[in-house]
Amino acid sequence: MSIFDHRLIINSGKGGTGKTTISAALAVIAAARGLRVLLVELDTRDRFGPLFGVAPVGYEVRDLRPGIQAINLDPHLVMVDFFKTHVKVKRIYKQIVESRIWQYFYEAAPGLKELILMGKIWRLVGERSFFGGRPTYDCVIVDAPATGHGFSLLNVPQAAYETLFGPMKKNAEKIRDMVRDPKTTVLNIVTLPEEMPVNEAVELHRQARDTLKVAQGVLFMNAIYPPLLDPAEAKALEGLGPAGGPASGPSADGNERRARVAAAVGGEPALEALVRCARSREERAAMGERYSARIREEVPLPFVPVPFVFDADFDVGTLTAVARSLERAFGVPAPHAKRTAAP
Amino acid sequence: MTSSAARAPSAAGAETLEAVLRTRGVLVCAGPGGVGKTTVSAALALAAARRGRRACVCTIDPAKRLANSLGIEELGGVEKEVDPGRLRATGVGLAPGGSLHALMLDTKGTFDYLVNRYAASPDVARRILENHFYRKITGQVAGSQEYAASEKLYELHGSGRYDLIVLDTPPTKHAIDFLKAPKRLTDFLDGSVLQWFVMPYFKAGGFGLGIAQRMAQKVLEWLDELFGLQFLKELNEFFQVFQSLYGGFKERAEKVSELMRRRDIVAFVLVTSPARDTVAETVYFEQELRTLGLPVGGAVANRVHPDFLGEGGLGLGDGPLARAAVSEGALVDLQTSIARAVPDDAVLQSALLKSVENFYDFEILARADREHLADLEARLRASGRFFREIPAFERDVYDIPGLARLERWLLEDGASSPSTTSSASTSASTSASTSTSTSTSTKGDGRGAAGGVATA
């Protein structure tokens, strides 16, 4: 089962690992498979707009490009929405939302904000077109908050189910069932080849398995530096030797060679900077390999490496590059995906 | 404020991080999540200990290996001294009188302590500590972790056991949340609001109630309907018992807030990454701190991509490498001269050409970082505060020697001098595996030499 067969795709991992970019790139390749995608971001300043090179996304579903729409779930606005659904009299919900007492309740009740957000996601996933009852979105991709908060978000329906009574308990149960339905929901983990992100990825994987009981899709190892030189090239570069060796004697030939290369690139400092920079790249690549090996051992999910993109700004160019490398990992898109083909 | 405000460092003479580290009693490392606050905090505390101060770093959630290095694997909220023998064994010696201590913050423990301290009687304390809702709410209400952090800071500072406390702030999405949080918490516990919750809201009819009270009643009835009576009952009980603590909490929060404004004691160290969004956030945070009258010492930009070309000091500003970066023709020339230099060695040629390409890749990153950081740096320098850069290393920093090596970037003159003349003489550049990223001058003329390189 491909991750695109799930109607709800959730991406989580430590802050700064590139969840937003991965989410957007997944949307690009899902759309290329003919799926109608909704990208969801939560409680944040919009980042999908800049990434797709369009105006900022707010709390209203917006087209980013053909087949891809996005919404930015501001908890406060979701809450107003929530009241509209649950309180019939319009005048009253406004008064409630604006009352101090509600605001304090909202701050105090642990997980209430998350529960309301999950409720909104549940409704988006279940949304159907007016005629024919076809789901509005084939794929809802959620750029979930960083590990700890991401966990609370996914765990809140179960917690609420255990604590609450009345209609909210029923709601919580429905949302929990959606999260735990392996046909509907899949969780992907995004990480980087660094200590903390890898630790958190391992922890999230275990929590998802043991506590959340949510199906897990793939593990994205983001921003891996591809190796620069093959072993022979690396050896040749190191073979240039250190700067300022003796001008005569057994190694004089080598020194002369180094001097020629240095002259070609603009002098000894330039050559040294070149070599240092290459070495730095190789060390980063080695680190990528070390952490990849470690996480593959500890997290038995399909492993998708995503090469580092040398880009000054995170914009459409970055997105395209990442989408391309994901496309390679996921294989050629099917000409028409099954869910869109069905009436 | 008090007379201490007058002792603020003047804008005329820039105050270095070195000076701040030697003179203040509290450093608050603040910034958005994921920028390396914990590492910077630990490095600063270690540096202070190496200068003969009794330093304590108060951290939230350190990487396991860093926690291991500091010897604070387990929670408990009690500070521990990092064994000086252990430090010496790793080649990191402290100056006489100096010591390094570390503490992992324990939010729940801090709250329990406060409850015990401010509860009217041991019985009230027990009722609170046993309340189901309290046990859940501690550490979950927005701001409780931040409140606990500033509370611990206040306690440690007041104890007189340390010359310097370095506080690693909790990982909030936005740096400013750290400051707003304690107030949010005390607002939340505000007695005038609590009374709504303890009001008997199932009064028949609601005669004799004001509009606000009637509204509150309506909301409570509605909440009850949605969430269930049991839930509200628990909440209600929690508020009833917690109300007695409000006065104590508030007074304490005010004292903490007073301490935070003492320019002679406290300095905020803004920690940022060079990413555009993060720097924008930091600039905003800096303005916000100033508006609130809180003392900003300066900023540390962490994981800045090394600028291997360096400044004019390396003489690469207009060499073949720089020229080839901006012109196709010059690139072909460079390739030709490399091929001519080692005509018999195709492997070396290919290694060199790949290295040149790699060099440009890194230059793009370095230039982008510089561009993003320029405004922040200019702002800080203009008001006489410090700005330091730590390069992105090839590997994570998690051991004591690694922390000690950061000193060079945080404190030494050569590494991050604002003066343009001295930066030319950075002979240090040859020793490090990463760039000297030397000058942090914003002039732009140094870097501008090859400024035509496309950064997009």
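**Strands in chains B and A**

Me: Is strand E4 (residues 99-104) of chain B mostly covered or mostly exposed?
Reply: Mostly covered: five of the six residues in E4 of chain B are buried. Bear in mind that this is a predicted model.

Me: Which strands pair with E4(B)?
Reply: Strand E2 (residues 54-59) of chain B pairs with E4(B) in the parallel sense, over six bridges. Strand E3 (residues 80-81) of chain B pairs with E4(B) too, but in the antiparallel sense and over two bridges.

Me: Switching to chain A. What's the strand order in the open sheet there?
Reply: Eight strands, running E3-E4-E2-E5-E1-E6-E7-E8, with mixed pairing.

Me: Why do E3 and E8 of chain A each have one side without a neighbour in the sheet?
Reply: Because E3 (62-65) and E8 (303-307) of chain A stand at the edges, each with a single partner strand.

Me: How do E6 and E7 of chain A pair?
Reply: E6 (residues 185-191) and E7 (residues 216-224) of chain A are parallel, over four bridges. Val190(A) stands opposite Phe220(A) in E7(A).

Me: Which helix packs on that sheet?
Reply: Helix H1 (residues 19-32) of chain A, which touches several strands, including E1 (8-12) and E5 (139-143) of chain A. The direction of H1 makes about 165° with that of E5(A).

Me: Last one: what's the mean pLDDT of chain A?
Reply: 87, with 90% of the residues at 70 or more. Over residues 334-343 of chain A, though, the pLDDT is below 50.

Terms used:
Residues numbered from 1 in each chain as written. Chains lettered and ligands numbered in written order. Predicted model: local features only at pLDDT ≥ 70, side-chain atom pairs only at ≥ 80, totals over all residues. pLDDT = per-residue confidence, 0-100. Contact = placed C-beta atoms within 7 Å. Pairing = 2+ DSSP bridges. Axes fitted to C-alpha atoms, helices over the stretch in contact; angles between N-to-C directions. Buried ≥ 20, exposed ≤ 12 C-beta atoms within 10 Å, placed from the backbone.
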